[in-house]
Every structure is written in C-alpha cells, then in structure tokens.
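Welcome! Here is a short tour of a structure that may be new to you. Have a look at the sequence and the model first.

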Amino acid sequence: MPSEEVAVVVEEEFQQVVTPWEVSSKNGEKINYDKIIHQFGCQRLDKSLIDRVQRLTSRPPHVFLRRGVFFAHRDLNEILDAYENGDMFYLYTGRGPSSDSLHIGHLIPFMFTKYLQDAFKVPVVIQLTDDEKFMWKDNLSVEKSKELARENAKDIIACGFNISRTFIFSDFDYVGGKFRENSLRIGKCVTLNKVASIFGLKGEDHIGKVSFPPVQAAPSFPSSFPHLFENHQNLRCLIPCAIDQDPYFRMTRDVAPKIGYNKPSLIESTFFPALQGESGKMSASDPNSAIYVNDTAKSIRNKIYHYAFSGGQDSIENHHKFGANLEVDIPIKYLGFFLEDDEELEHIRREYGAGRMLTGEVKNRLIEVLTEIVERHRRARAAVTDEMVDAFMAVRPLPNMFR
C-alpha cells in the first residue's frame, strides 16, 4: 500500500496553508476544501454514509452532518461495517488548552462527539494536550498549562458527556506505561525528515516539537488505555476532528500496520470561520475574531454588529435591488452551523439573498441563537465542580461503556 505521509503545507498552486497551527489563505480568499481533500488524500463524506449513520443509529443525522460541517473522512465505512456486524468502536478527540475559555468554534468537535457517543452508545477518550501547548507557547509554564487543561475540561464536561462512557486525560498526568510504550513505537517508525515534512518543522524549531506527534497519535490505539480496553485490543477507533488535525493521523495511519494495529478512522470538519471572514479560522489570539463561551450577551451583540463580515450591499436601495452575497456573509455561515430549523434557515437564505431581508435582521437572529447557546453552556459549566473534573479524569474502568 502507498504511504499516507504527505506534506501538510498546501503547495503554492493552492494558495493556502493548512497545518495544525496555522490556517490561512492568500489575498483573503476563502478556504478551498476540495483542494484540501485532494492534497490530503481523504474522502468526501457523501449522502450515502450520512443515510447509513441514520439507519444504524435510528436517529436523525446531526445538523453538522446534514449541513456538511463534517464533510470529509478516512475509512468511516469500515467503522460502520464493523458496527453493523456487531463490533463496537471507541471515539477519540482532544483539545489543546491555550486559554481559560473556549470559543464556540472549539465546541463543534465536542458537540459532535457527544452526539456520536449517544447515537452509537460507545466510549470516548478526550486528550488534553497541555504538554503540546507548553512546547508551542513561549509564555506558558507547565503549571499554567495544567491549570488551563482543568479549566477546559470543565467546558468539555459541560457539553453533556456521559461519565460512564468518558475518560478525559491530561498528557502531563497520564502519559506513561502502555501509552508511553505506544508513543515510542510510533516515534521509532517516523524519520526526522518525514516528521519535518508532515508538520512543516524547520531547523530552528526545538526538539520538543519533534517529540510530540507520537503522543497525539497514541490514543488511536486501544492498548494505550489498559484500564479501559484491556480485553478489547482490536477495538477500532473513530476520531472526530477539524481537518487541520489530519496530518497527525495521516502519520498515525501510515505507522499503524507497521506496529500491528488497526488504522484509526476519521470524520473531519470544516473550520469555523473568524467573524471577519472565511480566509481562516477563529483565533484565540484575537478576541474580536471569535465568540467565547464566557462572553456576555452585550459582548456577543457588539461583536456581531461590529465585526461579523456582511454580504449585504452598501445601501438599502442596492440591497433591495441586488440582494446579499451569501457566499461571503458570516452571519449566514454561523446560522448554518447553529440554527437547528432547516426551514427557517432556508427562509432566511432565500429572503436575504433576494434583498427582502436586511443585514440587521439576519444579525439579530444570529445574536439570539448564539446568546442562547452561550447562556446554556454557561449554566452547564457553572454546575461542573472540581470533584466532577476529578471523576471524569480518574483512571478507572468503565464497566458500562458499551451498554
């Protein structure tokens, strides 16, 4: 079989860069996902797979599935084949804790993973890569990285994960034993030249960056969690993530057969765009590019009114005449992620595109939707105690994880 190791930096001809640490497009152009699929070598998620998920789970497909937010995959069909034949699988996702609060783009993989956990009744392992953030962020100490991991764990728990099927772990606290053995097996199979090519590392990067990818790869293999999967060594793994994380798992999938494991499967999402436009993703370094889960209703309103890029025309007269450009309009994009009602979304798109609905009306509806999501999340997070965090992060068996 050919190697899946290909460079993560999208070449000059594609005019965009997608790495686990940078997503950008030249001249402010929108990210071209067809070109990412071509460059990365993954597959587009088609309607037949979505219909199959619905049939196997007896649940309506999640809004992120039916709207194409999760749009690409690697071997999802194999996971569904195994499930249909009575074999279970587990989910693996993660978070690199670099701030004390998540923005709503960060919630997307966790909201979707929670749906998959409930729909398929399978366990989830959630990796907090506090070690990665310490290595990549010059201003972060080990102690601060670990503190942020616990704060982010509260936001993750607030998404509603089932504690009887969920194990959350910090790399600083958990990595060792069988997990460490697997990360070393992985590391021994990847040359320095290959890891530099896959992740775009340069000679001036410190060696800690070279050592991290095997740590993110190791949760893809059930033997990394003997307290959970000691009797399930052939269990398959499905990884919901944004497509910028694909390089880690291309490397993982290339290594897996060499060390005797199944390749993990992936289901991958688009990026949640910044308020200013679709040339990149939300950035924690620019608070005005994102809506945070601790933003007040007033702050949400201010950010949407002042920073959300509009596809409306420059005058009411022209807007009525020409209508809005829905392809660049960020409020429409955000409603596509979070407005549950398909008929209402289609009505807004039709009326706004025809110029019969004004930008202010669309922004007001988005403010209502986001404020409700943030307030609901804030209430759920306030109920998460330190004792609950300890319980989710405790190294323990999950005897009912497949029931």
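Let us start with Phe 64, which is buried, with a relative accessible area of 1%; buried means under 20% relative accessible area, exposed over 50% and partly exposed in between, using a 1.4 Å probe and protein chains only. Please keep in mind that this is a predicted model, where local features need pLDDT of at least 70, side-chain atom pairs count only at pLDDT 80 or more, and totals for chains, interfaces and linings use all residues. Residues are numbered from 1 along each chain as its sequence is written, and side-chain values use heavy atoms, leaving out hydrogens and water.

**Aromatic rings**

- The structure holds 32 aromatic pairs, counting rings of Phe, Tyr and Trp (its six-membered ring) whose centres lie within 6.5 Å, with planes under 30 degrees apart called stacked, over 60 edge-to-face and the rest tilted.
- Phe 64 and Phe 337 make an edge-to-face pair, because their ring centres are 6.5 Å apart and their planes stand at 70 degrees.
- This pair links distant parts of the chain, as Phe 64 in helix H3 (residues 63-66) and Phe 337 in helix H17 (residues 330-338) are 273 residues apart; helices (H or I, at least four residues) are DSSP runs numbered from the N terminus, as are strands (E, at least two).
- Phe 337 also counts as buried, at 8% relative accessibility.
- One aromatic cluster is formed by Phe 64, Phe 70, Phe 112, Tyr 115, Phe 272, Tyr 334, Phe 337 and Phe 338.

**Around Ser 220**

- Ser 220 is found in the loop between helix H12 (213-217) and helix H13 (226-229).
- Is Ser 220 buried or exposed? At 2% relative accessibility, Ser 220 counts as buried.
- The side chain of Ser 220 reaches the backbone oxygen of Ala 217 at 2.9 Å.
- Beyond its neighbours within four places in sequence, Ser 220 is in contact (heavy atoms within 4.5 Å) with residues including Tyr 90, Tyr 92, Cys 237 and Pro 264.

**A charge over a ring**

- Arg 250 lies over the face of Phe 40, at 4.3 Å from the ring centre; the rule asks for NZ of Lys or CZ of Arg within 6 Å of the ring centre and within 35 degrees of the ring normal.

Notes
Polar contact = N/O pair within 3.5 Å; in protein donor to acceptor, adjacent residues only side chain to side chain.
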